[in-house]
Structures are given as C-alpha cells and as structure tokens.
Amino acid sequence: MSLLSVRNLRIYYSSSRGIVKAVDGVTFDIEREETLGIVGESGCGKSTLAMGLLDILPPSANISGEIILDGENILEKEKEYLRKIRHEKVALIFQDPMTRLDPLMKIKDHFLETFRSHKRDVKEEEALRIAGNLMNSVGLSPEVLDYYPHELSGGMRQRAMIALALVFNPQLLIADEPTTSLDVIVEAQILQLMNKIKKEFHMSIILITHNLGIVAEMADRVAVMYAGKIVEIGSLADIFTRPLHPYTRGLLGSVITLESRELVTMPGEPPDLINPPKGCRFAPRCPYAIEMCMNSEPSLQEAVKGHSVACFRALELMEERDILYRGDIAEKAD
Ligand SMILES: Nc1ncnc2c1ncn2[C@@H]1O[C@H](COP(=O)(O)OP(=O)(O)OP(=O)(O)O)[C@@H](O)[C@H]1O
Ligand code: SF4
Ligand SMILES: [Mg+2]
C-alpha cells in the first residue's frame, strides 16, 4: 500500500473575479521513503496542492477528491481527528521559515507550543530533551533553543524549522521551495540534511521546486504540473531522459539553454485558471497541437510502465523521440 494516494483532488478558490481552479483533478501516489519532485511554472498550483495535503488552505478554498494517507481517506473524517492525523503524519517546511516562526518566541517555545497544540501530555523537561535531540539531528546545538528566530542565519532558521517539523516523527515531509531564499552553499547543506533525515526518520518527501537541478539531485520520481494538473509523472530517468509531454520537453529545453547560458523561456504564458482552455490546457502554447487538442481534454494515461502522460500525441511523440534516439546512435556508430 502506498503511503499517500491522492485521487482526483480539486482545490478551487472563490475570488472576486470568479472561481480559480488552482488544483483540478490531480491523482498520484507516493511510496514509503520515496522523494517525489513536483515541478512547474509559477501559478500552476504546487503550493495549493501542498496546503491542501496539510489542511492549511485559506477559508476561500474548497477541496474535494480523496487523500488516502496510510490507508485512511483523511478528507472524509471529522475535522479534529483529521487535523491531528495530518499534522502528526505530514509536516511542511516553507521557503521562508519566518512566516512560520513567531519573532517574539524563542525556538524552544515553538517546540513547547507544538506539543501543547497537539494536546500531548509531555512534561516540559521531556519536551526540551526531545527538542535538543532534534536540534542535534539537524546539525544545530541544543543551545540554539534559547535563541529568538532573528538571532539565527537563514540556513539555521531553516534547520530549526526542519527540527520542528520532525517533532511527531512524520511519515511525509512536504518541502515547498525550501531553499529558494538561501545561497548556493547553504542550499546544498539543507538538501544534504533533508536526505539525511529522510533516511534516519524513514520519511517520504514531496519536494516542490522551480529548480530542475535540485530535482535531478534529490527526486526518485517527478510530477510535472501545468495549469492545475499533473501532465506527466514518472521516474527521474523517465522525465529527464525520456520526457513525453511537450510541456516537459519545453521545461527541460530551458534547462539545457540555461546551462549554455542562453536564457530562453518557453514562449507564451500559462492560462488563466478562472477560465482555462476547454481542451488541453497546454494547447495554446503547444507546437504539436492539433484540432482535437482544442476541443477535448487529454487524461493522464500510462504510456510505459510507471510513466504516465496527459497528451493525445504521446505515443507519436514517443516514436519520434525513439527514432531521433536511434538516429543519434546510428550517427555515433558511423
Ligand atoms: N487565496 C487565493 N485566492 C485566490 N486565488 C489564489 C489564492 N492562492 C493562490 N491562488 C491562485 O491559485 C493558483 C495557484 O497558485 P499556487 O500558489 O498554488 O501556485 P504555485 O505553483 O505554488 O506558484 P509559485 O511557483 O509561484 O509558488 C494561481 O493562479 C494563484 O493566483
Ligand atoms: S494534447 Fe495536444 S496540445 Fe496538449 S500537449 Fe498533447 S499535442 Fe500538445
Ligand atoms: Mg508556490
């Protein structure tokens, strides 16, 4: 049984302009001790999905579908019970830890508050012992518990945030752009730390990032989101070396040009999620679009074992890609 199975998840925001379909029919699984990278352009619904999994959406959001965590559909349960399960089994770390840390509270008070809010009957001494051990696990001295958040560097704050996320020994850690505000060296340290705690705590990780280099380094599988939907999901090798969706190919294309220092982004923009195109949401930007793509919506289908894609022309593209690949080998053999 997968640790997490998300089925047909929809998260719509009501806004003065209309209904924003931020997550629109998302389905995926996460296995135990697996890292799933989620990539996609800004505004495609990545953070909304993360907030939905943790039940921390704003009141304007309406969520439906199934979130099966460890065999239980946590969207069906009573609110209190559901919150407790989610917040103990699933933890979230953000891009900017200051949004979660109270500047007026010492780090140790954040730990005490976390125990208190979960009605855990733990004596203060025991809570601080656990907190000290967790600080050690994330490479911080337990003395840092006596500091205020503003007394820590960005990297230390993110470490403290990770330690706090580990209090209830979660099975799933959701990291939403966890290193975006850090410099490259600290970023590498935090990523290393995430891999270390993943093994130590036997956790699965959902890693949301714009940075495909980070995904390549960290993820076992990758989901590509576009305009509120997963358009392709597969192993790291499938997505990076055998991509099928034209959008994934475009994203990877921009990495290749980034490496060659020519910053070329994909032409066009993602659609307005209040009124998305009625057919394939990528059609207005897709170089392979045909008439059918404008009128009907492709569903996510397994093209090769473990590799699914939502594109009517995926099989043709697969053949084209394989022909190109064979051509490449033939050229090398000559
Ligand atoms: N509270 C809200 N009310 C209405 N619309 C919202 C709200 N929060 C987000 N949205 C919209 O939902 C869509 C998805 O936003 P979300 O923040 O989930 O995207 P994202 O993929 O995380 O983007 P980024 O990469 O910039 O972090 C966007 O169109 C955004 O404008
Ligand atoms: S379904 Fe059509 S428009 Fe959508 S990605 Fe595939 S070819 Fe492009
Ligand atoms: Mg986001």
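## Strand β9 and its partners

Strand β3 (residues 35-39) and β9 run parallel and are joined by four bridges; β9 itself spans residues 221-226. Helices (H or I, at least four residues) and strands (E, at least two) are DSSP runs, numbered from the N terminus, and two strands are said to pair if DSSP finds at least two bridges between them. I38 has A223 of β9 as its bridge partner. A223 also stands opposite I233 in β10. The pairing of β9 with β10 (residues 229-235) is antiparallel and comprises six bridges. These two strands form a hairpin with two residues between them, and A227 in the turn has a positive phi of about 50 degrees.

Six of the six residues of β9 are buried, so the strand is largely enclosed by the rest of the structure. Here a residue is buried if 20 or more other C-beta atoms lie within 10 Å of its own, exposed if 12 or fewer, and partly exposed in between, with C-beta atoms placed from the backbone. In a regular strand the side chains alternate between the two faces of the sheet. On one side of β9 the buried residues are R221, A223 and M225, and on the other they are V222, V224 and Y226, which leaves both faces covered.

## Basis of the model

The model is predicted: local features need pLDDT of at least 70 and side-chain atom pairs count only at pLDDT 80 or more, while totals for chains, interfaces and linings use all residues. Residues are numbered from 1 along each chain as its sequence is written, and chains are lettered from A and ligands numbered from 1 in the order in which they are written.

## Domains and their contact

The domain assignment divides the protein into domain 1 (4-227) and domain 2 (242-334); such bounds come from an automatic or database domain assignment. The C-alpha centres of domain 1 and domain 2 lie 30 Å apart. Their contact takes 15 residues from domain 1 and 13 residues from domain 2, where two residues are in contact if their C-beta atoms, placed from the backbone, lie within 7 Å.

On the side of domain 1 that touches domain 2, β2 (18-30) and β9 (221-226) each supply at least two residues. β2 gives the most to this side, with six residues. By class, the residues of this side are nine nonpolar, three polar and three charged. In this classification Ala, Val, Leu, Ile, Met, Phe, Trp, Tyr, Cys and Pro count as nonpolar, Asp, Glu, Lys and Arg as charged, and the others, Gly among them, as polar.

## The nonpolar core

A nonpolar core is a set of buried Ala, Val, Leu, Ile, Met, Phe, Trp, Tyr and Cys residues joined through C-beta atoms within 7 Å. The largest such core has 90 residues, and I206 and V224 have the most contacts inside it. Helix α5 (residues 154-165) provides the largest share of this core, seven residues. Domain 1 (4-227) and domain 2 (242-334) both give residues to the core, so it lies between them.

Which residues are in contact with V224, leaving aside its neighbours within four places in sequence? They are V39, G40, I230, V231, E232, I239, H245, Y247, T248 and L251.

## The sheet containing β1 and β2

Four strands form an open sheet in the order β2-β1-β4-β5, with antiparallel pairing. β2 and β5 (72-73) are the edge strands, each pairing on one side only. Ten bridges join β1 to β2, and a hairpin connects this pair through two residues. In β2, D24 is the bridge partner of R10, and V26 is that of L9.

## Surroundings of the two ligands

Around ligand 1 there are 15 residues, of which Y13, S42, K46, S47 and T48 come nearest; a residue is near a molecule or strand if its C-beta atom, placed from the backbone, lies within 6 Å of it. β1 (4-15), β2 and α1 (46-54) each supply at least two residues of this shell, and α1 gives the largest share, three residues. The shell has six nonpolar, eight polar and one charged residues. α1 is mostly covered, with seven of its nine residues buried. Just after α1, D55 takes a positive phi of about 60 degrees.

Ligand 2 is surrounded by 13 residues, the closest being C280, C286, A289, C293 and C311. By class, the shell around ligand 2 has eleven nonpolar, one polar and one charged residues.
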